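Try each task before you read its solution.

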Amino acid sequence: MEMYSPNTSIKVLKSFLLPVLVLTLLVVSFLYKENIRSFILDSRESTSKLIDLAKDVSTPGGLVSKIDSLDAFLTEGGVFLYTNNEREKYGLAQFRADQGLMDIAEERLQDMFAKGYFEHVSPTGESASSIADDINYGYIAIGENIALGNFENDQTIVKAWMDSPGHRANILSGKFTSLGVAVGKGTYNGKSTWIGVQIFAKPLSECPSVDRNLKMTIDDKQQRIDNLEGEIAALEAKIRDAERGKNKNREEYNLLVEEYNKLASEINKEISELKALIATYNSQVKAFNSCIEQ
């Protein structure tokens with residue numbers, strides 16, 4: 001009768017448990033990989049929702065005065081004041097003075113006199129929006145009103161704009177928050193006359209910023225997870241081969257399993273960090289998109 005030996009029991013137990021362990025490891029590995037792939041695909045979709053910024057440009061046709069006043073005189077401050085008075089009548093927030101827009105308005109004014117045209121786009125292609133781009137003035141929406149003629153005063157030119165549907169729409173637009181004004185007297189078509197320019201905008205700076213470097217960090221981390229996934233797949237193949245081999249090297253097998261577990265832990269850490277980064281990024285994108293869609 002064969003005597004009971006603890007070693008014999010351990011050997012039997014090992015022979016039973018090892019296949020179970022390997023099977024469990026491979027099932028967990030498969031599910032783990034599928035979860036990684038699913039999360040990476042979801043994260044890439046989540047970080048691609050920053051809408052392309054479609055800049056809104058509003059430029060109704062130029063307004064020409066029907067009456068010439070012998071006492072014509074315009075001021076930038078007066079035009080700005082009467083414009084805000086019109087907004088106040090309709091319960092709208094007043095425009096904020098914006099130096100960048102004033103610079104654009106002044107450049108547009110001088111360019112029209114210098115090149116002898118009265119249009120929203122110069123003969124050489126310059127416009128309010130292109131000048132804004134040239135000076136790195138970020139905007140979500142921009143508009144321009146122009147007027148030509150010897151208007152009696154600031155109130156008269158603003159009233160003329162308000163009597164014109166397209167120009168009135170710019171003055172009363174809810175999408176604009178800032179204003180720059182330029183007025184000046186010069187020669188146009190051989191005649192001494194005034195030109196008035198209003199530049200409206202909603203500056204990009206009014207919306208919460210989105211950290212583009214954060215998006216790059218997310219992309220880099222996703223790439224690292226892809227690389228780690230490739231490494232863990234290679235390890236899984238080695239573990240399968242080690243288990244199928246006739247001359248099983250348990251020490252080598254155990255080292256592979258240990259390495260697999262370390263790699264799995266590292267991937268879990270990377271995914272946890274990636275989730276946090278994506279949550280921050282998406283929060284920024286949501287706030288930005290909400291602002292520009294107002």
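Buried means under 20% relative accessible area, and exposed means over 50%. Keep in mind throughout that this is a predicted model.

**Exercise 1. Aromatic pairs**

Task: State how many aromatic pairs the whole structure has, then work out the geometry of the one formed by Phe73 and Trp194.

Solution: A search of the whole structure gives three aromatic pairs. For Phe73 and Trp194, the ring centres are 5.7 Å apart and the planes stand at 80 degrees, so this pair is edge-to-face. Phe73 sits in the loop between β2 and α2 (76-89) and Trp194 in strand β6 (residues 191-203), so the pair ties together parts 121 residues apart in sequence. The two partners can then be checked for accessibility. Phe73, at 52%, counts as exposed, whereas Trp194, at 7%, counts as buried.

Move on to Phe176 and Phe200. Their pair is stacked, with 5.6 Å from centre to centre and 25 degrees between the planes. This pair also links distant parts of the chain: Phe176 is in the loop between α6 (165-171) and β5 (178-188), Phe200 is in strand β6, and they are 24 residues apart. Phe176 has a relative accessible area of 1% and is buried; Phe200 is buried as well, at 0%.

Phe95, Phe176 and Phe200 form one. The ring of Phe95 has a further neighbour, as the charged end of Arg87 sits over it, 4.0 Å from its centre.

**Exercise 2. The disulfide**

Task: Identify which cysteines form the disulfide and determine its handedness.

Solution: The structure holds one disulfide. Cys207 and Cys291 form it, with their sulfur atoms 1.9 Å apart. The torsion about their S-S bond is about -80 degrees, so the disulfide is left-handed. Cys207 lies in the loop between β6 and α7 (212-244) and Cys291 in helix α8 (residues 250-292), which puts the linked parts 84 residues apart. Both ends pass the test for burial: Cys207 counts as buried at 7% relative accessibility, and Cys291 is buried with a relative accessible area of 8%.

**Exercise 3. The largest pocket**

Task: Describe the space in the largest pocket and what lines it.

Solution: Start with the volume, which is about 290 Å³. Then turn to the lining, which has 13 residues; the closest to the centre are Ser65, Lys66, Ile67, Phe151 and Ala160. Sort the lining by type, and you get five nonpolar, four polar and four charged residues. Sort by element instead, and β2 (63-64) and α5 (154-162) each supply at least two residues. The largest share, three residues, comes from α5.

Terms used:
Residues numbered from 1 in each chain as written. Predicted model: local features only at pLDDT ≥ 70, side-chain atom pairs only at ≥ 80, totals over all residues. Heavy atoms only, no water. 1 Å grid on protein atoms, 1.4 Å probe; cavity = no way out; pocket = protein on both sides within 12 Å on 5 of 7 lines; lining within 4 Å. Points joined across faces, edges and corners; volume = space filled by probe spheres on them. Helix = DSSP H or I, 4+ residues; strand = E, 2+ residues; numbered from the N terminus. Nonpolar A, V, L, I, M, F, W, Y, C, P; charged D, E, K, R; others polar. Phe/Tyr/Trp six-rings, centres within 6.5 Å; stacked < 30°, edge-to-face > 60°. Buried < 20%, exposed > 50% of the residue type's maximum accessible area, 1.4 Å probe, protein only. Lys NZ or Arg CZ within 6 Å of the ring centre and 35° of its normal. Disulfide = S-S within 2.5 Å.
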